[in-house]
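Hi,

Here is the structure I said I would pass on.

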Amino acid sequence: MDPCQSWGVLALLCLLVPGGHPSPCQVSISPKEPTVEFGTSLLLNCTSSCHNYSQLSWEVSVTKMGAQGPGWVSLGIPNVTDWSLELQCFGSFGKERDIATTTLHVYRFSPPQIYLEGDVVAGKETRVTCNVSAQVSPPDPPNLQLTLRGGGLPPSTHRGPSVGLGFTAQPEQHGREVTCEAVLWLGRRTVNASTAVTLWVWAAPYDVRVWAPRTVFTAGDNLTVMCQAEGNPLPRLRWELPTNTSWELQDDGTTVTIPSAERAH
């Protein structure tokens, strides 16, 4: 009798090879390359290509939980604390037995940290550095890539746990954001993390400008002059005016008005 016919409606699950003969029953693990963070939980599934198995089970050396149903059995590990763990699922089909094996990729990956060397002063050389901490299953070291970008800086990419970039600070960089993007390769999967800081650029007063709405006055007019300067922190303005002069400051000191100006002014 054809083995597929003996299972009635389940015959649709039998895979036929050329010639009309059923292919050997197989088990498979999903996902194929499991990846999990150290100390977290893991859930895997093992499925059978045929339903005529006498046993379908996991073999693993740690405490496990699971559930099962027609053609499948799950594996749950509530707390993964082994850096190297081989996982096996086997199915017994009469006298035949099939085993699926996979290796668990375990990792630790801390968010990247960005550091600036001292105060960032406009016109001065400074350096920004990004570091990240990672640990993976032995024997290979972590496969890391870091990229610094933003803040008006040229992007800088480096393989490894650290990347740095030197630059001359500019006033216009104040308030701009620098981002560090970290990528950890785990087999065919990647884990990403990023962080950002906002640049604070100290700048002495610059671009000082003094102007008046008009430059010709008649004695007795109100004389108004305005001053503005850039810098970080925002510069404080100080006016030098003729002695014994009555004057008024407005707009946080950026505008001075001398009422009833005289020729000496």
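Which hand does the link of Cys130 and Cys180 have? It is left-handed, with -85° about the S-S bond. Before the rest, please keep in mind that this is a predicted model, where local features need pLDDT of at least 70, side-chain atom pairs count only at pLDDT 80 or more, and totals for chains, interfaces and linings use all residues. Residues are numbered from 1 along each chain as its sequence is written, and side-chain values use heavy atoms, with hydrogens and water left out.

A disulfide is a covalent bond between the sulfur atoms of two cysteines; here the rule is a pair of cysteine sulfur atoms within 2.5 Å. That gives three disulfides.

Back to Cys130 and Cys180: their sulfur atoms are 2.0 Å apart. Cys130 sits in strand β13 (residues 125–131) and Cys180 in strand β18 (residues 177–186), so the bond ties together parts 50 residues apart in sequence. (Strands are DSSP runs of E, at least two residues, numbered from the N terminus.) Both cysteines are buried, meaning under 20% relative accessible area with a 1.4 Å probe, protein chains only.

Next, Cys46 and Cys89 are joined with their sulfurs 1.9 Å apart. Cys46 belongs to strand β5 and Cys89 to strand β9 (residues 85–93), 43 residues apart. Cys46 has a relative accessible area of 0%, so it is buried, and Cys89 is buried at 0% too.

Finally, Cys25 bonds to Cys50, S to S 2.3 Å, and both are buried.

Cheers

How values were computed: Buried means under 20% relative accessible area, exposed over 50%, partly exposed in between (1.4 Å probe, protein chains only). Helices (H or I, at least four residues) and strands (E, at least two) are DSSP runs, numbered from the N terminus.
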